[in-house]
Amino acid sequence: MRKINYPFLILVLIILISTKFLIKNEYYLSIVIFGMFNAINASCFNILLGYTGIISLGQAAFYGIGAYFAVIVAASFGINPMLAIVLASLFSALVAFIIGYPTLKLHGHYLAMATLGFGMIIYVLMNEMAFITGGPSGFLDISKFSFFGVSIYGEHSFYIFVAIVFFLFTVLFEMFDKSYLSYKLKFIKESEFASKSFGINIFKTKLLVFSITAGITAFNGGIYAYYSGFISPVSFNFNYSIELLTMAIVGGLGTVPGGIIGAAVLTALPEFMASIEDYEMILYGCFLAVTIIFLPGGLTGLIKRILNKNASD
Amino acid sequence: MKKLLGVVFMIILAVPLYAEVRLGALFAVTGPASFLGLPEKQTLEMLVEEVNKTGGIAGEKVKLFLYDTKGLDTEARKKFIRLVKKDKVDAVIGPTRSGSTLAIKELAEKYKTPLFSCAASKRIVQPLNKYVFKSPQSDTHAVGKIYNFLYKKGKSKVAIITAQNGFGDSGRTELLELADEYGMEIVADEKFRDTDKDMTSQLTKISETNPDAIICWGVGPAPALVAKNTRQLGLDSMLIMSHGVASKKFIELAGNAAEGIILPAGRLLVAEQLEKDNKFREVLINYKNAYEKRYDSSVSTFGGHAYDAFMMFKYGIEKGGKKPAAMISAVENMGAFIGTAGKFNITASDHNGLDESAFVMLKIHNGDWELIN
Amino acid sequence: MQFIYSGITSGSIFALVALGFNIIYNTTGIINFAQGEFVMIGGMLIYTLLSIYGLPFLIAAPLALLAALFIGALFERVFIKSVRSPNEIKLITITIAASIILRGLGMVIWGRNSLSVDAYIPYKVLELPAGTLTSNSLLVIIVSLVTAFSLSLFFKRSSLGKAFRACYDDKIAAGICGVDVSKIRMLAFAIAALLGVIAGIVTTPISYVTYTDGIMTGLKGFAAAILGGLGSFWGGVAGGLLLGIFEGFFASVLPSGYKDAFAFLIILAVLFLRPKGLFGKKKAERL
């Protein structure tokens, strides 16, 4: 196991804590909270694409499965929100396992298309099974959130909760990045042929990663549902999967800060664009295109290059 | 001394903040409901301008913060929170769509901000939420009007085709619930989505049941496609639309297929056809002339909803002030007033104040609206 | 049986989009996620030329087609050619980026509303056995078939067409024989854009054009291409028609919302069970 980047983790911790003290306005806090949700999702997407080479264009579906499953189960059986979220996470991992079994045998654009198809089907089900999900009008019957008896309501308490979850996730991600598993995955991404001759069971590994990231994304979705107080299928459609793809690529594929930086930039972007909202989509696409063409390492790669330059001066 | 100067400075800075009325607005200016949202936006901007020219409301100018919900419920929520937390508005007018309103209903209470919705679903005011009012007629009234019309014509076999969104859903519930009361038999119950491009499958299924009338409940371009497909399939049942298509844009999109379509709507569209002594005529003609002169486009009942909502808001500020509780109780005691949608009678238990008489039945003929009895 | 007629109509559009996918895929190996946006642009262009500039159809249509060729070529130069050291992921994601940009441009230039154009030929409803077909829909079907035939003739007979097929078989060998592979690639995109724009032009009088149309159209066209076998010319056409008919059938028996799901279920079934599709490519390829 390689050395964990403690300075980076400490930096994240400092930013999280100082944000809580510097930002008092609930509106801006809510933007940071959404940014953290996006960062976790984008990082999971990054693990799939940047580390393992899997383009999961249906990733938003797992976010939605987590959100809907958690609130529906809590509303129907009256169970504790946190338990519902954990169950949702397990359910999503199971779905990913079942879907992944045939899907992960495919490659490249066939894989992309299969995951996209899966995502679309889930989206249609969210819209059509209105008797469970509330249909296009969304699901409103979301109870107040509590964590082992501690009631969490409103931006201030949710910020603390989400920030803790986010930090824990970042630590785990950092540990994963420096572990043998990440080596294995990147090896698979580089050359499946070579990695197979090393004795790596590619299929099993991919299935494992796919299921775990689906579970994490769903867990995230459950918390999102309780924070938002309202969910509707439109938040979990193909567009969101594309947003995650953009965040991961612009942030930097295959790196830990990648998903975080990408999510930070692209979540904050609409706020600065409020007056030129119409151009937001074009800018989004341009960011993605420019990154692919000129900055293959994303913003993280750019920052690393700048830091290295400074170090060698 | 420094502290005193600081306080004085803050007061001077704060004065502009307090000397104005901050009004938020959420409309579906773009997206599938845009031919509702755009007239609403234009009407509200026109009214705010007019009111500011004569010194504002209760001596204070009105500052308008208007956002586009793009017809999306999640966007409406985001922008509502922005209006309340960042722009610190005193009240919000809108949103355009029933779905969006239902999605933010509880936020109005959470953030203690009065909401004057321009959406139709009766679920917006039932169950009653202290902070939420609505200006359009309810779908209950629209359905009642339609069924009454059919009953008088001796028709009873009805096929319904509704949109899969808040408005269509609400309409469908009413159509099913009120059917027995008027002796209507629902022989088909089909649905379509806002983004569907072809409804021939649903309409074919409907035609097999041989209904006397087909009632279509939706907004945006989709009902226009329903009209076109109905014509294409040569169905000879009467085609009835909801008040969601009471706009010239619908006639434009449906083209020839719009001919003969019947719908309930507010009197605004046929203001000129009303008798000279009709009590609604003056308000309607004034609004119609002002709007059409300013924007060079036909008036629509949706703009009228924004007009009525603004009237409620204005009254609330004048008689009650900016504090939510006072504003709300002022509006609740507004008594009878004549708006574009009809005669309102808002009370503490009825935050809409309209009944069936707010509607008239219209027929589309030669690309224009015709009052029928 | 009405669904067969509406199915063939929408299927013709899917066929044109599938053709566009296949042409690009065959000459470059790239999957163009922005193919649907070409259809949207076609609708927008014809709207602008007819409704805003008031040009007669016989002038507007050729202009739009010319613009299509230009846009396709420009697309390839800006997005595809500029990617250094291209790999599969980069190429897939650059076309995704391109589709976002085109969609954004569509919104900024033409707004968010649905735009309609008047029918190009007099409106008539044809009474056929077990259903009706409008003159507009018939136009869609005829134009699609004519386009497909013309294109296949082009590939079989003309020397340029032969150059295309050479690239499909073996790029390097083609290059050695003097074929300008880079130019062929540009032309492939130009033709794909042309196909998309044709589809957009004929479909707008029926179901309007909105800036978001490209997403679903592209996805369904891609699904049709896979159904018929990625890379197969007539497979794309067959896949398109079949997909349209399946969809129409499902819409007539289930709530219409589910029909989209069925299109994708079919895709998943094909990918899992018979990835080569109905008329799959002869070339061996890593799936």
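Me: In what order do the five strands of the open sheet in chain B come?
Reply: In this predicted model, the five strands of chain B are arranged as E2-E1-E3-E4-E5, and they form an open sheet whose pairing is parallel.

Me: Which strands stand at the edges, and why is one side of each left without a neighbour?
Reply: The edge strands of chain B are E2, residues 61-68, and E5, residues 132-134, and because each has a single partner strand, one side of each has no neighbour in the sheet.

Me: And what does the twist average from one strand to the next?
Reply: Going from one strand to the next, the twist averages 20°.

Me: Back to E5(B) for a moment, how many bridges join it to E4?
Reply: Strand E4 of chain B, which covers residues 115-117, is joined to E5(B) by three bridges, and the two run parallel. Within this pair, Phe116(B) has Phe133(B) of E5(B) standing opposite.

Me: Which strands does helix H2 of chain B lie across?
Reply: Helix H2 of chain B, residues 34-53, lies across strand E1 (20-27), E2 and strand E3 (91-93) of that chain, and the helix runs at about 165° to E2(B).

Me: Ok, new topic: which residues touch the most other members in the largest nonpolar core?
Reply: That core has 304 residues, and those touching the most other members are Ile93(B), Ile215(B), Val197(C), Ala223(C), Ile226(C) and Ile267(C). Helix H8 of chain C, residues 181-207, gives the core its largest share, which is 15 residues. In chain B, domain 1 (20-137 + 285-356) and domain 2 (139-265) each contribute at least three residues to this core.

Me: What does Ile93(B) touch?
Reply: Leaving out residues up to four places away in sequence, the contacts of Ile93(B) include Leu23(B), Ala25(B), Leu44(B), Phe116(B) and Cys118(B), and also Ala306(B), Ala309(B), Phe310(B) and Phe313(B). Phe116(B), then, is in contact with Ile93(B) and stands opposite Phe133(B) as well.

Me: How many residues of chain C are in contact with chain A?
Reply: There are 37 residues of chain C in contact with 33 residues of chain A. On the chain C side, helix H4 (88-110), helix H9 (213-228) and helix H11 (258-273) each supply at least two residues, and the largest share, 16 residues, comes from H4(C).

Me: Which classes do those chain C residues divide into?
Reply: The side of chain C that touches chain A has 28 nonpolar, four polar and five charged residues.

Me: And how many residues does the contact of chain A with chain B take from each?
Reply: That contact takes twelve residues from chain A and 15 residues from chain B. On the chain A side, four residues are nonpolar, seven are polar and one is charged.

Key
Residues numbered from 1 in each chain as written. Chains lettered and ligands numbered in written order. Predicted model: local features only at pLDDT ≥ 70, side-chain atom pairs only at ≥ 80, totals over all residues. Contact = placed C-beta atoms within 7 Å. Nonpolar A, V, L, I, M, F, W, Y, C, P; charged D, E, K, R; others polar. Pairing = 2+ DSSP bridges. Helix = DSSP H or I, 4+ residues; strand = E, 2+ residues; numbered from the N terminus. Axes fitted to C-alpha atoms, helices over the stretch in contact; angles between N-to-C directions. Core = buried A, V, L, I, M, F, W, Y, C linked by C-beta atoms within 7 Å. Buried ≥ 20, exposed ≤ 12 C-beta atoms within 10 Å, placed from the backbone. Domains from an automatic or database assignment.
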